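This report concerns the pairing of aromatic rings. Please keep the sequence and the structure in view while reading.

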Amino acid sequence: MLDHVGFEVSDLARSARFYDALFSRLGIRRIHEFEAAIAYGSHEPRFWIVSRGRPPAPGYGHCAIQATGRVAVDAAYAAALEAGGRDDGAPGPRPQYGPRYYAAYLLDPDGLRVEVVAGGH
């Protein structure tokens, strides 16, 4: 069901020290590291910390839900919009995350960010 979880942080280095210490005791390690993002997991990146330079607010971080394919991403996106969600990124390829990555982004009624993804792993 869950593909990954992402938290936006105000200070990436400070948060990385915390999560490095926490996850190292659980057998979880850094899988990817970029200028503004670090991903943790045992084999796949499942927990991300990201610095986007904005203060905490609704939409600060997100939960990514795994879909079975592009058709399912499109259908879930449309249904969520009809049920009161708001667009935060229409369905489409996201090659910056991998060659098969296809995702849509929505804001729930409280402004919390939800990603629906296929081909992530």
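## Aromatic pairs

In this predicted model, a search of the whole structure finds nine aromatic pairs. Phe 7 and Phe 47 form one of them, and their arrangement is edge-to-face. The ring centres of Phe 7 and Phe 47 are 5.2 Å apart, with 85 degrees between the planes.

Phe 7 belongs to strand β1 (residues 2–8), whereas Phe 47 belongs to strand β4 (residues 47–50). The pair thus links distant parts of the chain, 40 residues apart.

## Burial of the two rings

Are Phe 7 and Phe 47 buried or partly exposed? Phe 7 has a relative accessibility of 38% and therefore counts as partly exposed. Phe 47 has a relative accessible area of 15%, so this residue is buried, because buried means under 20%.

Phe 23 is buried, with a relative accessible area of 10%.

## The cluster

Which residues do ring pairs link into a cluster? The cluster consists of Phe 7, Phe 18, Tyr 19, Phe 23, Tyr 40 and Phe 47.

Conventions:
Residues numbered from 1 in each chain as written. Predicted model: local features only at pLDDT ≥ 70, side-chain atom pairs only at ≥ 80, totals over all residues. Heavy atoms only, no water. Phe/Tyr/Trp six-rings, centres within 6.5 Å; stacked < 30°, edge-to-face > 60°. Helix = DSSP H or I, 4+ residues; strand = E, 2+ residues; numbered from the N terminus. Buried < 20%, exposed > 50% of the residue type's maximum accessible area, 1.4 Å probe, protein only.
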